[in-house]
Amino acid sequence: MQGSAAFWLLALLALLITTSRGCSTDDDCSLNGICSANQTCICDAGWRADDCSELDLYPAVRWSGYNHTNATGPDFYKEGAGNSSWGGHIVQDPTDKGLFHLITSQMSHGCGLAGWRPFSTIIRAESRTGPRGPYTYAQTLFDTFHHNPTTIYSPADGKYLLYCIGKDLEAPTTCSSQKFNNTISVSSSADLRTWEPLEAQIVNVTNPAPWPLWSAQNQTQAMLLAVEKNNIYTAQNYSGPYDLAVEPHNTDRSEDPFLWRDRRGNWHILVHYLIDIDLGLKGPRVGAHAYARDWKGPWRFNNRTLAYNTTVEFTDGSSVTYYRRERPKLYFSDDGGLTPLYLINGVQEFNSSGSYTLIQPIGRGAGEYERKLGFL
């Protein structure tokens, strides 16, 4: 009898666990999938887990992305950090589909990540081996001090928009850090190489994450701009003025938002999660996800299942657990499905002053995309 009772108790517990993991609506699937008739989530391509909350990350290739931490130069103030970079945005060239651009922050004079303010510049790097790179330096777009670029295309304006923080500032003569307020400004370009001068500072905050409100049904010039603490500003056009519209207080302990609207019209924010700061650590819990059916909210913040962590597997069979993995951005498919194909982060290894930009493929879609372009 005891064995039988134990069996039925375990069966009941299994049923309760299965039921608790079931879904009732698409919200239970993180709006990254559909809740099926049998109350299980069918995840969109690029996502996985019972609640579709994890990015379906595939192994990365060593030295892909933008990793110039072994660089040296006559203008370097010190050795060891190379050309440190910190995240960035992949953009396919509008006229040459085999050319990919990475617009990223790069610290000048060989100063490492600790000197990002005031040594950060914004540069454009190029790859002709596909969106994952490796990328090589092509051009400095904005000199010191400019940082945290996010580059998007505005269909309403027919040009690219680059949002960043910073101001014109002559770099010091030694690697050091400074503290001053961060403010967001925006510039525009038709070809990613020549940019209109930065507009006047539009918002006195940091970490810009823009997304156009334009759609085929509503061809508006209006813009959304998520910022630090995931607050969302709105403007009638990209030059502003920007007004605070949403303060999603349930998305605390996060920074570096990346905002997007999916093919079903739902809204998402991928963030750098700061929960391990309480333990004096930079990780491993670093990638979190917030989502809403309407950008005005209510927003749900998933702080239980992470979208990604600080460990990255590589195609050579090795893996690296990073000291820091921040500044998340996604590169999407070009078929209108907004399938995430690559995750871009700024990373820093333990016991290193240098940092670089890591690009990791997502799901089978990344390989299929590269094959279509003739890279595989």
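**View 1. The largest pocket of this predicted model has a volume of about 990 Å³.** A pocket here is an open set of points on a 1 Å grid over the protein atoms alone, where a 1.4 Å probe fits and protein lies on both sides within 12 Å along at least five of seven lines. The volume is the space filled by probe spheres set on the points, which are joined across faces, edges and corners.

**View 2. Welcome to the lining of the largest pocket, made up of 31 residues.** Lining residues have an atom within 4 Å of a point. Look for Tyr-153, Trp-211, Phe-332, Ser-333 and Leu-338, which lie nearest the centre of the pocket. By type, the lining holds 16 nonpolar, 9 polar and 6 charged residues; Ala, Val, Leu, Ile, Met, Phe, Trp, Tyr, Cys and Pro count as nonpolar, Asp, Glu, Lys and Arg as charged, and the others, Gly among them, as polar.

**View 3. Several strands contribute to this lining, among them β9 (146–154) and β23 (324–332).** At least two lining residues also come from each of β5 (89–92), β12 (209–212) and β16 (254–261). The largest share, 4 residues, belongs to β5. Strands (E, at least two residues) and helices (H or I, at least four) are DSSP runs, numbered from the N terminus.

**View 4. Stepping back, the chain has 3 helices and 25 strands.** Its C-alpha atoms fill a box of roughly 80 × 50 × 45 Å along the principal axes.

*Notes.* Residues are numbered from 1 along each chain as its sequence is written, and side-chain values use heavy atoms, leaving out hydrogens and water. In this predicted model, local features need pLDDT of at least 70 and side-chain atom pairs count only at pLDDT 80 or more, while totals for chains, interfaces and linings use all residues.
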